[in-house]
Amino acid sequence: MAQHKPKHNLDEQIEMNLKKVYQKTLDEEVPDRFLELLEQLKEQDARNDQ
Amino acid sequence: MTNKASLAQDAPPLDPREEIVTHLPAMRAFALSLTRNPSQADDLVQDAVIKAWKNLSSFQVGTNMRAWLFTILRNTFYSDRRKSKREVQDTDGAFAATLAEKPHHDGRLAMADFEEAFVQLKAEQREALMLVGAMGFSYEEAAETCDVAVGTIKSRVNRARQALSELMNLEEGEPLELTDQQTLAVMSTNMPGRGDAA
């Protein structure tokens, strides 16, 4: 198919924008609900081990 | 041990149960690209974490945990979606329509326009582009994560790029900033800087 286009420009810009979108979430603090969830799961395991 | 996601990246292999936390930020970003909705994304991450935890014994320590978690996450996403298929299709249609109506009159630059275009792509294109384009997965890793052939990932990425450029009315080689009449008019009177306005 289309192999003729100046790949660099468009693809790079798409990538740059994607990374920005992605980075926004990466920079956010992980919400407590997930840390709490992991703690709960660990406690559950510990209880089951006993 | 460490609760800080970023610290553990280059550490020696952790107990998988300790490692999961280090992938949460990436999982949230990936989930967001699939669901396009922050609260649905976090619900999806939560479901995926619980599933991953239950299946930890099937994870091979030393292999790519991020890819393993992403596989679980996307499988969860697609199976939820199949369960409520009609509903989702309606939502997709309505969602795309709202986006299409939104006029580009406020001079926002590439970032917002890009996101509007990105969320209109098919889920399979969004995930392929996200994995390869943003997260640095190789085509092979992305193919494994999505359980398809490498060629399929490549063509999804290509189609995603094509669709994006069409959605954003890009000509070949044109920058991502929209250049339709409206935007040009706004930009000429109110030229924002190149960096993040946000």
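Two residues are said to be in contact if their C-beta atoms, placed from the backbone, lie within 7 Å. The legends below use the term in this sense for a predicted model.

**Figure 1. Residues of helix α7(B) meet residues of helix α8(B).**

**Figure 2. Packing of helices α7 and α8 of chain B.** Helix α7 spans residues 139–146 and helix α8 spans residues 150–167. The two helices pack at an angle of about 100°, and their axes are 8 Å apart. Because angles of 65 to 115 degrees count as roughly perpendicular, α7(B) is described as roughly perpendicular to α8(B).

**Figure 3. The side of chain A that touches chain B.** Here 24 residues of chain A are in contact with 33 residues of chain B. Two elements of chain A, α1 (7–27) and α2 (32–49), each give two or more residues to this side. The largest share, 14 residues, comes from α1(A). Sorted by class, this side of chain A has 14 nonpolar, four polar and six charged residues. For the model, the scores are ipTM 0.81 and pTM 0.72.

**Figure 4. Confidence along chain B.** The average pLDDT of chain B is 77, and 65% of the residues score at least 70. Residues 1–8 of chain B have a pLDDT below 50, and this stretch has 13 contacts in the model beyond near neighbours in sequence. Residues 97–109 of chain B also have a pLDDT below 50.

Definitions and conventions. Residues numbered from 1 in each chain as written. Chains lettered and ligands numbered in written order. Predicted model: local features only at pLDDT ≥ 70, side-chain atom pairs only at ≥ 80, totals over all residues. Helix = DSSP H or I, 4+ residues; strand = E, 2+ residues; numbered from the N terminus. Nonpolar A, V, L, I, M, F, W, Y, C, P; charged D, E, K, R; others polar. Axes fitted to C-alpha atoms, helices over the stretch in contact; angles between N-to-C directions. Parallel < 35°, antiparallel > 145°, perpendicular 65-115°, else oblique. pLDDT = per-residue confidence, 0-100.
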